[in-house]
Amino acid sequence: MSMLYDEGQQAIATESRRVLDARTSKDRLLKLLEQVGELDQPFWDTAVEQGWTALAIPEEHGGLGLGLVELGLVAQAAGAATAGAPFLTSGYGAVSALLGSRNAELQARWLPRLASGEALACVALAEGNAALPPSPSVIFAGGTLMGTKPAVTGGIKADIAVVWASSGGKPALVLAELAPAERRALNSYDNSRLYADLTFAGTPATVLAEGDAALALARDVLARMAVVAAHEQVGGAEALLHIARDYAVTRKAFGQLIGAFQSIKHRIAEMYGLVEVARANCIHAAASEGTAEFLIAAADARISATEAYDTNSRDCVQIHGGIGVTWELGLHLHMRRARSLAVEQGSLLFWEDLLVNQLTGEAA
Amino acid sequence: MSGLETYRAAACAFLDAMVPKYGREARTGNSVEQDLALGRAYMAAKYDAGFAGINWPVEVGGQGLTHLHKITFDAEEMQRGMPVQFFGISLGMPVPILMHYCEDKAFVKERVTKALRGEEIWCQMFSEPSGGSDLAALRTRVEPDGNGWKMNGQKIWTSWAQYCDYGVIVTRSDPTAEKHKGLTYFWIDMRAKGVEVRPIKLAGGDSHVNEVFFDDVRIEDSQRLGAVGGGFGVSLHTLMIERYIATDSGGFGPHLDEFVKLAGEVDLNGAPALRDGRVRSAIARNHAMRAGLDSITKRAFLMMQAGMQPGPEGSLQKLVAVRSRQRLSELAMDLKGNAGLAFDPHAFVKTDWGTSWLNAPTGRIAGGSDEVLLNTIAEKILGLPQDHRPDKGIPFNQIPA
């Protein structure tokens, strides 16, 4: 796939940005920070209405038949708006797992409902700092799950979960309906991510992949979600770049615009550099979907996007001085999101190791 | 295969045939003079094979192809370590400026041909002791002298001037005008009476840059390029000619594979260094950074192919790549420990970590220092204000020293 966006893709980028600009309310997002278990309903209604939930689902399953490039562009707009729901990424993760499973029955049951927004999905792979633990503590046996997946993104509201589990000493990727599972909502620094501990006590589940195939599929699902998240991070980092720039050309100190001081202007120029390097990696990763290079491209995108969003949120606040740390200005929405996105889908520690393993041909 | 890929294949076939005689291995151990002689022979071979002046008009001796053909060839040439360093500036800036501004077309054609064949080399004389980044602070002055000009003053950091036949130069013709407005641009004969070149030995031990002194040097008015007082504009034009050149995300230092190889070979705390978290982090961060720069380059290339103007993010390449190379070179030296203290001053920057480290500061200063590049990004791309400039709007001869 080309690394140049075509007209349709550019239209998706422009339109998603326009719609979210018009419908995002900082006040609403600030309120959500202090509420456990709530998402930003206007954002999610917009996502469904605009067909973003259907973007990367094949047409025969009720989707639009587009892919990671288009979803990435929407995620970038969502990142700029610190969108108040995590399901674009986790839904795509579940879709990827279902498509990779070749289980026609499960696909037929869930893909159309995920496309229409009728069902919500989460992906429960991580345990602590292990994004893809070699021996998951959740056990799959006799068609049911036992154990707890901690702090699953979207876990409070999802209808189904893709779960990374152990099955007879080997890994398995399974799909479970969450109605019978126990959910414990977490109070977090970024509550619209809807984190919940999911406890399974004999919860029925269906195998998507087992053994080596499970590892390959889970890693592919994680890499795809990481690329969507990286786009979201780039959107956030770019928004912070613009906020910092706009402030530096309006705020005066010592008789001049603060943007005329090199300590400020160079910091903002560095923010630009981080955004553009990460953006280029995201474009390359999305265009590499399905190729042998994809995992390395995803790692490059994820590492540079995490660095860009973390750094830009630190520096944008710093450039603002005192006003930057107020609740009302809301830069902390980005600070919080930069960290929640940095941890979800595997942190820098995980992706650095994975990338070096890939470069040197070592087993993970 | 697209037209460009066919062209790349032809370029590779030519270059591969040249490698045994002119490539990196053949050059190992050469003195500068030997390398220059080899470089001249290579340039002549390149000319004869039809790979010289790739994107220049056929009328002046070029191939009449596109900028993309040139970048394609240059990227392949750079991989093979050919002895072209003496000719990069000559053909990159002064000669194109001569082609653009000089009205004596027969003279131009002769100079272009000889420059392409490596028989003549041109230098560019901009920086002075009083200003490198601040180009318009230059003091080298010209005064009317009969029907021509007389020049006095000094330039510095002039690459390869000791081997040059001609050069382009920007001078101050009117000290009573504001600093950017009193400048005039000329070409000069480097062998003219009153021109003296003194090489400067750099920290790495080599002397590819020079001081150039001018003592009552006579210049004909026909050597003027552009209008009297229009020298700053011609200088900017010079710097803008090759905005999209073949870049190197490794910052013109060793490839990251070399670092990975080293980390796999040496032990650290009883295990391969490649198992050390600090080393792994450095590899991963550098890979992500270089991959990003490579993707920026690939996209710029695709955009030019599609007839679009590439984005301004291409301006990040040197800034980001060279300073990263500097730090990675330090880490590579740390990995070697005292086994890396032995130093070969003639080793290549692209294959030796010590040489890469020692020469990295030059890369961060020449061709726009990191600070100037950050200012350019901030002002031209992001619309941030210019720095406070106390000399703005004041006649040059009234600026406080």
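Me: Which residues of helix 10 of chain A are the buried ones?

Reply: This is a predicted model, and in it the buried residues of helix 10 of chain A are L331(A), L333(A), H334(A), M335(A), R337(A), A338(A), L341(A) and A342(A). To be called buried, a residue needs 20 or more other C-beta atoms within 10 Å of its own. These buried residues pack against three helices of chain A, namely helix 2 (26-33), helix 7 (211-248) and helix 9 (294-320).

Me: Why is R113(A) called partly exposed?

Reply: R113(A) has 17 C-beta neighbours inside 10 Å, and because a buried residue needs 20 or more while an exposed one has 12 or fewer, R113(A) counts as partly exposed. The residue belongs to helix 6 (residues 104-116) of chain A, and, once its neighbours within four places in sequence are set aside, R113(A) is in contact with E118(A) and A119(A). R113(A) and G63(A), which are 50 residues apart in sequence, have C-alpha atoms 9.7 Å apart in space.

Me: What makes R23(A) partly exposed?

Reply: The count for R23(A) is 14 C-beta neighbours inside 10 Å, which falls between the limit of 12 or fewer for exposed residues and that of 20 or more for buried ones, and R23(A) is therefore classed as partly exposed. R23(A) lies in helix 1 (residues 7-23) of chain A and touches P42(A) and T46(A), leaving out residues up to four places away in sequence. Between R23(A) and A297(A), 274 residues apart in sequence, the C-alpha distance is 33 Å.

Me: Into which domains is chain A divided, and what residues make up the contact between domain 2 and domain 3 of chain A?

Reply: Chain A is divided into domain 1 (7-116), domain 2 (121-210) and domain 3 (216-360). The contact takes 13 residues from domain 2 of chain A and 15 residues from domain 3 of chain A, and the side belonging to domain 2 divides into 9 nonpolar, 2 polar and 2 charged residues. The centres of domain 2 and domain 3 of chain A, taken over C-alpha atoms, are separated by 28 Å.

Me: Why is chain B described as being as compact as a globular protein of its length?

Reply: The secondary structure of chain B comes to 13 helices and 9 strands. Its radius of gyration is 22 Å, close to the 21 Å given by the globule rule for 401 residues, so chain B is as compact as a globular protein of that length. Buried residues make up 39% of the 401 residues in chain B.

Me: Which element gives the largest share of the side of chain B that touches chain A?

Reply: In this interface, 37 residues of chain B are in contact with 33 residues of chain A, and the largest share of the chain B side, 17 residues, comes from helix 10 of chain B. By residue type, that side of chain B divides into 22 nonpolar, 9 polar and 6 charged.

Terms used: Residues numbered from 1 in each chain as written. Chains lettered and ligands numbered in written order. Predicted model: local features only at pLDDT ≥ 70, side-chain atom pairs only at ≥ 80, totals over all residues. Helix = DSSP H or I, 4+ residues; strand = E, 2+ residues; numbered from the N terminus. Rg over C-alpha atoms; globule rule 2.2 N^0.38 Å. Contact = placed C-beta atoms within 7 Å. Domains from an automatic or database assignment. Nonpolar A, V, L, I, M, F, W, Y, C, P; charged D, E, K, R; others polar.
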